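Welcome, and thanks for taking a look with us. Please open the sequence and the model side by side, and we will walk through them together.

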Amino acid sequence: MVTVPEPVAPVGHLALVGLMGSGKTAVGRVLADRLRRRHVDLDRAITQLAGRSIGVIFHEGGEPTFRDLEAQSLVLQLAVGDPIVLSTGGGVLGRGENRAVLAADSTVVWLRARPETLADRVGDGVGRPLLEGRSALGVLRDLAEDRDPAYERAANVAVDTDGLTVGQVVDAVLDALEDVGLVGPEALAGSTVDGAGGRS
Ligand code: S3P
């Protein structure tokens, strides 16, 4: 009898962090498929909880309202029994309560990229209120300076994504997790869906 090995998945939830344009959503989708887990996109969960788009939430209640909803959604999504792959929003580590929840329940992967790469990927910034009417490159440079230390502290592994397709990033994430003993080699078998772009 031939047995197909189950992928050995990371302990706890697998959370992707990084700036806008780092590929969290697109990579998360494929990673979840590889690890046979459910994929949750936190921004999408927020819009479902609020019944409004991210843009409308920012415009009606400002960033503090969005951050409250983000913190609530994070707790709700991580409270589920089965481990998930979670694509967070770029600002999720801004609050200490979010950092604590992630540290308690999740393996955290930082998807890194140069601000030029990120700006290229976000294009005109539609759907991302922090980029509205501003130079994406300028905002992303400032955010990198502000947030990189928090990503670094929170992450179990970091993966450089410049010049890589989504499939290549997925492979690099699984390799990095294997290197630190957080995922078994079985998860590295099998092909990945390729293609760049998409929400991140
Ligand atoms: C934000 C990133 C966005 C979204 C919101 C705020 C941020 O998510 O959560 O617009 O503070 O960097 P992505 O990182 O998925 O674009």
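## Starting with an arginine

In which helix is Arg34 found? Arg34 sits in helix α1, which covers residues 24–35. Please keep in mind throughout that this is a predicted model.

Is Arg34 buried or exposed? Arg34 counts as buried, because its relative accessibility is 10%, below the 20% cut-off for that label. The side chain of Arg34 has a partner too: a polar contact of 3.1 Å links it to the side chain of Asp171.

## Just past the helix

Now step along to Arg36, which belongs to the loop between α1 and β2 (38–41). With a relative accessibility of 51%, Arg36 counts as exposed, since the label applies over 50%.

The backbone is worth a look here as well. Arg36 is not a glycine, and yet its phi is positive, at about 55°. For background, most residues other than glycine have a negative phi.

## The whole chain

The protein chain has 7 helices and 5 strands, and along the sequence they come in the pattern β-α-β-α-α-β-α-β-α-α-β-α.

The chain has 200 residues, and 48% of them count as buried. Taking contacts between residues at least 6 apart in sequence, 75% join residues at least 24 apart. The accessible surface of the chain is about 9600 Å², and carbon and sulfur atoms account for 50% of that.

## Around the ligand

How many residues surround the ligand? There are 15, and the closest are Lys24, Asp43, Arg67, Arg128 and Arg147. By type, the shell divides into 5 nonpolar, 4 polar and 6 charged residues. Helix α3 (residues 54–78) gives the most to this shell, with 3 residues.

An N or O atom in the side chain of Arg67 is 2.6 Å from an oxygen atom of the ligand. For Arg128, a polar side-chain atom lies 2.7 Å from a ligand oxygen, and for Lys24 the distance between a side-chain N or O atom and an oxygen of the ligand is 2.8 Å. Taken alone, the ligand exposes 380 Å², and the protein buries 99% of that.

## A residue in α3

Helix α3 also holds Leu69. At 12% relative accessibility, Leu69 counts as buried, again because the value is under 20%.

Which residues does Leu69 touch, leaving aside its neighbours within four places in sequence? Leu69 is in contact with Ile46, Leu49, Ala50, Arg52 and Ile57. Ile46 is 23 residues away from Leu69 along the chain, and their C-alpha atoms are separated by 6.2 Å.

## The kinked helix

Arg147, one of the closest residues to the ligand, brings us to helix α6 (residues 136–154). At Arg147 this helix has a kink of about 45°, shortly before the proline Pro149.

Arg147 is also among the buried residues of α6, together with Ala136, Val139, Leu140, Leu143, Ala144, Ala150 and Tyr151. What covers the buried residues of α6? The cover includes β1 (13–17), β4 (106–112), α5 (115–122) and α3, the helix that gives the most to the shell around the ligand.

Methods:
Residues numbered from 1 in each chain as written. Predicted model: local features only at pLDDT ≥ 70, side-chain atom pairs only at ≥ 80, totals over all residues. Heavy atoms only, no water. Near = heavy atom within 4 Å. Polar contact = N/O pair within 3.5 Å; in protein donor to acceptor, adjacent residues only side chain to side chain. Areas by Shrake-Rupley, 256 points an atom, 1.4 Å probe, with all protein chains shown as cover. Helix = DSSP H or I, 4+ residues; strand = E, 2+ residues; numbered from the N terminus. Nonpolar A, V, L, I, M, F, W, Y, C, P; charged D, E, K, R; others polar. Bend = angle between axes of the 7 residues up to and from the residue. Buried < 20%, exposed > 50% of the residue type's maximum accessible area, 1.4 Å probe, protein only. Contact = heavy atoms within 4.5 Å.
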